[in-house]
Amino acid sequence: QRQMCIRDRKNTFGRAMVICALVALTYPVETFWGRVGKLVWYLAAIFCIFMSDSMTSLIIVAVATLLFYVYRVLRWDALSAFIFTAAGAVPIALLLYGAITLDTDAFLISIGRNPTLTGRVSVWANVEYAISERPLMGYGYGGFWKKSEGVYGQLWSTNSNWQPGSAHNSYLDLWVQLGLFAVIIFVASSALMFIQALFHVRRTRSVEGLFPILYLTFLLILSFSEDFILFNSFAWVLYMAMGFTIAVAMAQDKVTESEEIEQDVIAFVPSQRRTMTVRRVGLG
């Protein structure tokens with residue numbers, strides 16, 4: 001139990017440092033010393049992640065840093081974006097092939113990690129079995145995780161060394177508690193938010209415009225190994241804040257576009273009237 005507590009704390013600290021690294025990447029600065037301070041901030045967050053020994057956080061911050069530059073391609077013209085995508089297609093295909101054919105157990109052992117992902121694999125298998133018993137409606141909010149009761153008591157006895165309090169997977173945890181329809185709603189809303197965040201990157205030119213898409217990427221990847229949806233956590237609050245921020249930004253853009261169109265119409269109509277008046281005077 002003590003080891004599990006230490007592991008949870010280091011993972012929580014690692015996730016917090018990932019958010020700090022994302023803020024450092026997208027924080028707007030204009031001066032030289034501001035850029036230096038931003039770099040020091042980012043490197044300090046990376047150092048803390050490394051010292052926390054949270055491999056998940058280290059992988060996510062590496063992917064997010066790479067995507068920080070990849071997402072900026074959306075702001076390029078079509079030809080430049082196509083050339084960049086074509087040039088990056090080959091190494092991405094090689095990486096995907098390597099990930100598919102990789103012996104994950106041997107790889108995890110080689111880097112000093114448990115092939116069972118610190119017990120997560122067995123938890124996922126048990127939760128998937130519980131989901132198969134009640135796939136549509138689930139067991140109710142918090143109903144499945146009542147210790148030693150119902151299906152939970154059958155899967156984890158009171159003598160078990162570890163009795164998990166969550167699925168350590170946001171999608172499985174949502175499914176086992178609220179059912180398939182809740183998963184569909186969350187995935188659909190997250191996909192819509194992700195698309196809106198991509199358009200937000202396209203509409204903006206500032207570096208802070210990349211934070212919503214980077215944070216959503218961080219959470220959607222993290223959801224495969226941790227829970228954040230059904231908990232009152234800082235990650236969930238930021239997730240809702242990102243959705244609200246993107247929705248407000250899109251609404252403001254629509255208002256601005258309608259005002260610009262209205263001004264163009266107002267400027268166009270008087271000029272047409274003046275032209276018609278001149279023509280009538282000339283004819284008279």
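Phe181 counts as partly exposed because its relative accessibility is 48%, a value that falls between the cut-offs of under 20% for buried and over 50% for exposed. The model in which this residue is seen is a predicted one, and its chain holds 11 helices and 0 strands.

**Around Phe181**

- Phe181 belongs to helix H9, which covers residues 180-203.

**The chain as a whole**

- Followed along the sequence, the elements of the chain give the pattern α-α-α-α-α-α-α-α-α-α-α, in keeping with the count of 11 helices and 0 strands.
- The chain has 284 residues, and 33% of them count as buried.
- When contacts between residues at least 6 apart in sequence are considered, 70% of them join residues that are at least 24 apart.
- The accessible surface of the chain amounts to about 17700 Å², and carbon and sulfur atoms account for 68% of this surface.

**Confidence of the prediction**

- The average pLDDT of the chain is 75, and 67% of the residues reach a score of at least 70.
- Over residues 102-111 the pLDDT stays under 50, and for this stretch the model has 8 contacts beyond four places in sequence.

Technical notes:
Residues are numbered from 1 along each chain as its sequence is written. This is a predicted model: local features need pLDDT of at least 70, side-chain atom pairs count only at pLDDT 80 or more; totals for chains, interfaces and linings use all residues. Side-chain values use heavy atoms; hydrogens and water are left out. Helices (H or I, at least four residues) and strands (E, at least two) are DSSP runs, numbered from the N terminus. Buried means under 20% relative accessible area, exposed over 50%, partly exposed in between (1.4 Å probe, protein chains only). Contact means heavy atoms within 4.5 Å. Accessible areas come from the Shrake-Rupley method with a 1.4 Å probe; for residues, only the protein chains shown count as cover. pLDDT is the predictor's confidence in each residue, from 0 to 100.
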